[in-house]
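Me: Please examine the model shown below. A few questions on its architecture follow.

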Amino acid sequence: MPNPLPLVIVDAANVVGSVPDGWWRDRRGAAERLRDSLVRYASDGLPGTPGPVDLVLVVEGRARDVAPVPGVRVAAAPGSGDDLIAELAAGAAAETEPRPCVVVTADRELRRRVEAHGARCTGPRTVRPGA
């Protein structure tokens with residue numbers, strides 16, 4: 001049975017990197033803090049995408065072993081996080097009943113790639129107001 005919830009994909013590396021708060025000293029810890037701050041969006045949704053939503057945090061590199069928490073799935077990219085995000089957006093568009101997909105990133109090339117699959121993009125400030 002297809003998942004009827006809108007899909008929200010968060011580019012962890014891009015969102016974490018949007019605020020120079022020392023994240024580079026502890027990439028995993030920064031990704032975990034972001035994950036924890038996203039929980040409320042799973043039920044509340046984002047502007048233009050009311051909740052509940054299927055929220056996926058895409059992690060890569062040193063943050064690959066971040067665990068999921070209720071409300072936030074974590075997808076560890078085996079290689080490029082951008083490639084996995086584009087794959088997830090394409091998958092949402094290819095479902096029997098395509099579902100809305102929102103990608104949270106400021107990466108222009110990634111935006112182009114996911115918009116080609118019908119995803120809507122929004123910037124890091126959507127989930128990280130200080131960004």
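Me: Leaving aside neighbours within four places in sequence, with which residues is D82 in contact?
Reply: This is a predicted model, in which local features need pLDDT of at least 70, side-chain atom pairs count only at pLDDT 80 or more, and totals for chains, interfaces and linings use all residues. Residues are numbered from 1 along each chain as its sequence is written, and side-chain values use heavy atoms, without hydrogens or water. Contact means heavy atoms within 4.5 Å. On that basis, the partners of D82 are D11, D107, L110 and R113.

Me: In which helix is D82 placed?
Reply: Helices (H or I, at least four residues) and strands (E, at least two) are DSSP runs numbered from the N terminus. D82 belongs to the run of residues 81-94, helix 3.

Me: What is the order of the strands in the open sheet?
Reply: Two strands pair if DSSP finds at least two bridges between them. The sheet has 5 strands with parallel pairing, in the order 5-4-1-6-7.

Me: Why is one side of strand 5 and of strand 7 left without a neighbour in the sheet?
Reply: Strand 5 (72-76) and strand 7 (120-122) stand at the edges.

Me: At what angle does helix 4 run to strand 7?
Reply: Axes are lines fitted to C-alpha atoms, for helices over the stretch in contact, and angles run from 0 to 180 degrees between N-to-C directions. Helix 4 (residues 108-115) lies across strand 1, strand 6 and strand 7. Its angle to strand 7 is about 155 degrees.
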